[in-house]
There are 2 protein chains.
Amino acid sequence: MACDWFDEHRDTLDGAVTASESRKFWSAYPEVPSGRVYGETAKDDGLAAWKSRLGTRFDLGQPGTASWVSAETSPYGIDMGVQYPRADLDTLLPAVASASDAWRQADIETRVGVCLEILHRLNRRSFELAFSVMHTTGQGFMMAFQAGGPHAQDRGLEAVAYAWREMTRCPQRAMWSKRVSKTETVTLEKTWRVVPRGIAVNVGCSTFPTWNGYPGIFASLATGNAVVVKPHPGAVLPLAITVEIARDVLAEAGFDPNVVTLACDDFDAPIAQDLVVRPEVGIVDFTGGNAFGDWVEANARQARVYTEKAGVNAIILDGTDDLRGTTGNIAFSLCLFSGQMCTTPQNIFIPADGIDTPEGPVSFDDAAAAIVKAVDWFVSDPARAAEVLGAIQSEATRDRIAEARTRGGTIVRDSTEIDNDRFPEARTATPLIMQVDVADEAAWKREAFGPIVYIVKTDNTAESISLAADTARAKGALTAAVWSRSDEVLDRAADALTAAGVATSCNLTGQIWVNQSAAFSDFHVSGANPAGNATLCDAAFVVDRFRFVASRVPVPAAVEAAD
Amino acid sequence: MACDWFDEHRDTLDGAVTASESRKFWSAYPEVPSGRVYGETAKDDGLAAWKSRLGTRFDLGQPGTASWVSAETSPYGIDMGVQYPRADLDTLLPAVASASDAWRQADIETRVGVCLEILHRLNRRSFELAFSVMHTTGQGFMMAFQAGGPHAQDRGLEAVAYAWREMTRCPQRAMWSKRVSKTETVTLEKTWRVVPRGIAVNVGCSTFPTWNGYPGIFASLATGNAVVVKPHPGAVLPLAITVEIARDVLAEAGFDPNVVTLACDDFDAPIAQDLVVRPEVGIVDFTGGNAFGDWVEANARQARVYTEKAGVNAIILDGTDDLRGTTGNIAFSLCLFSGQMCTTPQNIFIPADGIDTPEGPVSFDDAAAAIVKAVDWFVSDPARAAEVLGAIQSEATRDRIAEARTRGGTIVRDSTEIDNDRFPEARTATPLIMQVDVADEAAWKREAFGPIVYIVKTDNTAESISLAADTARAKGALTAAVWSRSDEVLDRAADALTAAGVATSCNLTGQIWVNQSAAFSDFHVSGANPAGNATLCDAAFVVDRFRFVASRVPVPAAVEAAD
């Protein structure tokens with residue numbers, strides 16, 4: 001094997017390890033979709049590469065392809081027509097298991113080098129991936145490029161860095177010498193092997209297929225597990241390209257490419273339930289809705305299951321030095337990708353007595369109106385709205401908006417469509433904002449995925465904090481954002497919310513939003529409430545994907561002395 | 001709070017961290033039960049302290065003590081009569097939850113300091129603990145002292161070291177600065193809190209209550225979880241003393257002692273099933289039999305469950321340079337604590353054609369006879385036998401020996417009692433050795449806990465390896481020992497067995513045995529086969545007991561520049 005990818009990418013790996021320990025800003029892959037970074041023709045090349053996929057069969061040359069499925073439709077109204085392999089699991093999984101042996105036995109450096117090279121090639125293909133993400137998820141182009149390309153690659157690299165750090169924390173060999181009597185010392189030479197858990201299945205989501213998928217894929221791969229990627233039937237292409245690149249790199253390194261495979265299905269005949277409970281499967285990474293995520297946790301008992309589900313995120317408005325900056329910040333958070341981020345706020349708790357500002361108290365109604373006004377301003381420019389809000393990934397999300405109008409509360413801002421010049425057929429929706437009472441839990445105390453927002457009138461901020469924390473414990477939550485002029489309130493909120501497993505942002509303003517989660521610094525999902533049982537990425541996300549298993553042999557005294 | 005325990009024990013902590021990374025021999029607590037180390041009166045004091053417990057009520061001053069239970073009987077035939085608190089969980093658990101808050105919010109250093117001080121005091125009480133372990137488990141005094149005292153304390157310290165290392169790998173605070181445009185940089189101050197998972201329940205076992213219990217107890221405690229210790233009803237005293245010491249230290253440090261509590265039951269009305277599924281319980285550590293361990297894994301779904309169960313350990317005999325040394329080593333492994341270690345070998349695979357020695361081949365029958373002879377020699381001296389074999393912990397284990405005689409195969413060495421001069425009423429049994437064919441799986445391919453050994457005649461060593469690995473995958477296994485004169489055979493065996501999650505020892509001789517597992521170096525149970533889902537101790541054993549949860553707040557440019 002002539003690949004020295006480990007050495008080639010060693011600086012990238014070291015940078016990632018250092019960043020994950022300092023938690024300071026760092027990124028391996030440039031987030032600016034610029035020709036100066038990616039090559040002047042990169043965008044055109046990416047667009048052309050994406051177009052060339054449309055209407056074709058995505059043939060990876062995998063064993064056990066029983067038929068072909070094609071269930072993707074672009075939320076922007078473009079006909080995709082890509083056909084993907086539907087696997088016969090009884091043929092595919094034995095081939096994967098057979099490919100696993102050499103992968104398990106490979107050096108740690110070799111496996112990590114392969115992972116780093118895959119990430120490097122994914123980065124060079126960021127534009128093609130961006131168009132693929134955009135036209136499967138509905139994200140605007142800029143988000144599709146950043147979150148679907150470099151940010152997802154950073155998340156994958158982060159997982160590789162954690163895996164590398166964990167696998168190398170136990171030496172591969174040590175001499176253990178113990179004095180057992182006045183005259184006798186026993187010495188054992190111990191050798192530790194990294195033993196992977198088994199075949200890993202990665203069940204992808206429809207909104208961030210690469211960003212949410214890469215951590216699990218690369219954590220499993222680096223630690224010696226083969227990976228079967230099962231994309232959401234509506235968002236296959238970005239992961240199909242990823243698998244294709246991974247298989248190319250594996251083959252170049254002399255491995256059986258079936259170490260990474262794609263297992264597709266469609267809405268009519270889903271395979272995930274069968275796949276995740278197969279006895280060969282030792283790991284399942286799942287990103288998606290709570291109903292199926294809970295099912296996977298309850299049923300894939302033979303495997304270690306990592307879930308990233310959804311939750312009910314809160315904003316607590318107590319006061320602000322800058323009402324306009326605050327409501328602008330909130331509005332952007334609500335609008336970004338039309339609320340289809342698992343980090344998007346849903347419930348905005350505002351005290352009945354209003355909020356504190358330098359200009360004096362602002363009433364509940366005025367505070368609510370200021371948020372509505374900020375959202376209205378945001379979507380008033382169709383071009384800006386089209387880019388920031390993008391399109392609605394699924395019919396189900398659009399239906400959910402209609403249902404929310406009648407579920408309880410008063411409409412204070414209705415959802416509308418966006419005029420999208422470039423994609424007139426795009427499925428779009430601006431945020432629906434409902435005002436509800438605390439008592440109306442059937443409306444607000446449940447996840448309403450998409451551009452659906454509840455402004456909840458509370459007795460006071462103490463109640464707001466307690467409702468947000470209780471909801472997180474009961475329903476899950478990934479994020480909370482608090483605005484207050486009181487340090488004591490901010491401390492109390494952060495204490496209560498972090499104890500409930502919620503990453504809490506305080507007094508955000510300007511170019512930083514509660515939805516954002518940066519690789520190497522922000523832990524995404526805490527694993528400490530029902531929004532998921534795992535974090536992207538911490539040590540817990542990787543260490544259970546393998547075991548150190550020892551062999552030991554006594555060393556005669558003479559050899560020992562020479563060691 | 002005037003306790004500077006963290007600083008006081010810092011060298012011990014650093015030593016443990018260093019050792020767990022080098023995996024070289026290290027120990028914090030001296031294993032020699034010597035007056036020079038522990039004080040000239042330490043043994044007498046420990047014996048007196050132990051005696052003073054007999055027939056008394058072990059009152060910890062806990063809330064919710066509904067009644068008192070007393071189910072311990074010494075396997076050495078001594079009347080114990082200690083009464084322990086039986087808890088009303090509806091009173092105890094809320095008190096534990098209430099005690100948890102301050103513990104969770106304490107500094108990492110404070111919590112770790114408390115843990116180190118508890119371990120230090122446990123060490124000073126090693127003789128009292130030794131007598132308590134001896135007279136609940138049936139271990140001989142030396143093993144009870146070493147495994148129940150210093151070795152258990154080392155295992156607890158190891159867990160604290162891992163917890164410390166993991167909790168401090170993410171900084172408590174970091175400044176994250178990102179250039180967001182040519183002129184603008186956004187800076188967030190991020191703070192991470194260690195958020196524990198919830199109340200931890202530690203379900204103890206009857207044979208090694210402290211050695212198997214301390215890792216979970218200290219891993220949970222250090223990471224901010226309150227711990228409810230639920231001892232095996234037959235082996236309470238060592239853990240009751242442990243809880244008492246922990247409560248004293250906690251109170252001295254200004255914490256509510258209910259951070260560590262004891263919840264006892266008896267054989268007639270067990271509470272473990274109710275306890276481990278309580279919604280307040282976030283962690284369960286279980287050591288014990290596979291049937292209940294499997295039940296806990298399947299039912300305590302609200303908690304993160306760590307199990308150390310049992311398995312079917314193998315010896316593979318292919319050849320040896322020193323038949324006498326090998327069979328002596330095997331005999332000691334079989335005799336130690338009458339086979340009541342989860343690391344004791346059960347099945348000895350020997351090829352039908354015999355084994356390879358420098359003196360030429362030794363037939364199957366002669367090899368089997370050499371093992372029997374070595375065991376016979378070992379138990380021929382009653383004093384040596386009484387000390388090494390100890391007593392049989394439970395009636396069930398004695399009954400199992402009787403049952404094994406008739407389950408299949410031929411008796412090649414029958415189990416006998418040991419004359420124990422000091423404890424004439426002791427329940428004792430020397431190893432039963434059965435010879436069986438491979439086909440007789442009903443006999444050998446299941447766990448037969450206790451002094452029950454199967455010599456299994458195989459076609460050849462390749463079959464021996466494959467049977468041992470397959471059995472590990474199907475039934476679990478913690479250890480394997482291989483003797484061969486061929487490096488190729490040793491490599492093949494180590495590859496196959498470690499891949500099945502079995503720690504493998506090769507060509508052991510002299511003062512080191514396959515049963516032994518040393519803190520800071522040997523991972524006990526791999527978690528990679530049905531013998532358990534966790535390891536004592538690796539990072540995976542601690543990292544899931546807590547989460548890092550962040551709060552973040554923007555920093556104005558001026559503050560940032562001064563940082």
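Me: How many Å separate the centres of domain 1 of chain A and domain 2 of chain A?
Reply: The two centres are 33 Å apart, taken over C-alpha atoms. This is a predicted model, where local features need pLDDT of at least 70, side-chain atom pairs count only at pLDDT 80 or more, and totals for chains, interfaces and linings use all residues. Residues are numbered from 1 along each chain as its sequence is written, while chains are lettered from A and ligands numbered from 1 in the order in which they are written.

Me: Which residues belong to each domain of chain A?
Reply: Domain 1 covers 42-70 + 85-170 + 197-307, and domain 2 covers 314-506. Those bounds come from an automatic or database domain assignment.

Me: How many residues of the two domains are in contact?
Reply: Ten residues of domain 1 of chain A meet eleven residues of domain 2 of chain A. Contact here puts the C-beta atoms, placed from the backbone, within 7 Å.

Me: What classes are on the domain 1 side?
Reply: Two nonpolar, eight polar and no charged residues. Ala, Val, Leu, Ile, Met, Phe, Trp, Tyr, Cys and Pro count as nonpolar, Asp, Glu, Lys and Arg as charged, and the others, Gly among them, as polar.

Me: What rotation superposes chain A on chain B?
Reply: A rotation of 180° with 0.0 Å of shift along its axis, at RMSD 0.0 Å. That is the relation of a two-fold axis. The C-alpha of A:A540 is the one in chain A nearest the axis, 3.2 Å from it.

Me: How much of chain A's contact surface recurs in chain B?
Reply: 100% of the contact residues of chain A recur there, so the same surface serves both copies.

Me: Now the sheet. What's the strand order?
Reply: Ten strands form an open, mixed sheet: β3(A)-β4(A)-β17(A)-β16(B)-β15(B)-β10(B)-β11(B)-β14(B)-β13(B)-β12(B). Strands pair if DSSP finds at least two bridges between them.

Me: Which strands stand at the edges?
Reply: β3 of chain A and β12 (410-413) of chain B. Each has a single partner strand, so one side of each is left without a neighbour in the sheet. The twist averages 25° from one strand to the next.

Me: How do β3(A) and β4(A) run?
Reply: Antiparallel, joined by seven bridges. A:M175 stands opposite A:E189 in β4(A).

Me: And β16(A) with β17 of chain B, parallel or antiparallel?
Reply: Parallel, over two bridges. There, A:S505 stands opposite B:R552.

Me: Last one, helices. At what angle do α6 and α9 of chain B pack?
Reply: About 175°, with axes 10 Å apart. That makes α6(B) roughly antiparallel to α9(B) (an angle over 145 degrees). Axes are lines fitted to C-alpha atoms, for helices over the stretch in contact, and angles run from 0 to 180 degrees between N-to-C directions. By class, their contact has eleven nonpolar, three polar and no charged residues.

Notes:
Helix = DSSP H or I, 4+ residues; strand = E, 2+ residues; numbered from the N terminus. Least-squares fit on C-alpha atoms with pLDDT ≥ 70 in both. Parallel < 35°, antiparallel > 145°, perpendicular 65-115°, else oblique.
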